[in-house]
Amino acid sequence: MYLPPHDPHVDDPMRFKPLFRIHLMERKCATVECMYGHKGPHNGHIQIVKKDEFSTKCNQTDHHRMSGGRQEEFRTWLREEWGRTLEDIFQEHMQELILMKFIYTSQYDNCLTYRRIYLPPSSPDDLIQPGLFKGTYGSHGLEIVMLSFHGKKAKGTKITGDPNIPAGQQTVEIDLAHPLQLPDIENLRDFSELSRIVLEVQEQVRREEQEREQQQEEEEHCQQPASQPASPLGGGEGAEGEETAAGAEGTTQDKAPASQPFVLPMGVISRNEDYPRTCRI
């Protein structure tokens, strides 16, 4: 199992934790050993479910128990998973989330199903290299997200999930066709000014979608039988409309400079002040 680094150290490497191992014997026999818990390897089982998927099962879950009971297990898990003790966490909401995660994950006792994750393809036109990214999610700690590009959209999919966005579900979608020209530093701090800029672009997107829908409806109404030549005027209008839209889009893309200043808006705080001071788009 690869665990994210302890929150908030995003730049630290992933942590590695063995969960099971296969011990090869003579005559093509093998034994599966569960590595979960703190009492050493013990008897386990692996089953190939289907392509790109297999399951593990522990046959001796008593090896996962600790002499101090669930309280000791929770404190050990908290130290390993979060790198701190419950006394270090003052926020009540965070304590509840952590306890909920412990109860949820510990009930499986290393009886888990594994599925292969296929990383997204990359293109020279991508803003940044797609793939796996790690970041802090407030009370949920550090989580892993997969970034992928789909034409004029980019998507972030949760690899590690939480009660808000479970693993495998989309957590963010980015419209790459309408990059924003950010205001100067002072206005960048103003949440109202940022909201105004975003709302203007959203309104522009809404109008463009309406125009496209109207154009499609008109084209459907004006369709002529194949035996009749199409009106040069109609064809010209359609082509010109497409060209204008493409040109406008290209102009919007060109407006975005290579690097723009970035500061946090008023009312938004960074725990360790370790965030980028410039952005691409």
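What covers the buried residues of α2? Before I get to that, some conventions. This is a predicted model, in which local features need pLDDT of at least 70 and side-chain atom pairs count only at pLDDT 80 or more, while totals for chains, interfaces and linings use all residues. Residues are numbered from 1 along each chain as its sequence is written, and side-chain values use heavy atoms, with hydrogens and water left out.

First, the overall picture. The protein has five helices and 13 strands; these are DSSP runs, helices being H or I of at least four residues and strands E of at least two, numbered from the N terminus. Of the 281 residues, 26% are buried, where buried means under 20% relative accessible area, exposed over 50%, and partly exposed in between, with a 1.4 Å probe and protein chains only. Taking contacts (heavy atoms within 4.5 Å) between residues at least 6 apart in sequence, 42% join residues at least 24 apart.

Now helix α2, residues 92-106. Its 15 residues should span 21 Å at 1.5 Å a residue, and the end C-alpha atoms are 21 Å apart, which agrees; the expected span is 1.5 Å times one less than the number of residues. The buried residues here are M94, L97, I98, F102 and S106. As for the opening question, the cover over the buried residues includes α1, residues 69-82.

Rings of Phe, Tyr and Trp (its six-membered ring) pair if their centres lie within 6.5 Å; planes under 30 degrees apart count as stacked, over 60 as edge-to-face and the rest as tilted. The count comes to nine aromatic pairs. In one of them, F74 and W77 have ring centres 6.1 Å apart and planes at 25°, so the pair is stacked. Both residues lie in α1, three residues apart, about one turn of the helix, and both are buried. F262 and Y275, by contrast, are edge-to-face, with 6.4 Å centre to centre and 80° between the planes. Both sit in the loop between β12 (260-261) and β13 (278-279), 13 residues apart. F262 counts as partly exposed at 27% relative accessibility, whereas Y275, at 19%, counts as buried. Ring pairs also link F20, F54 and Y114 into a cluster.
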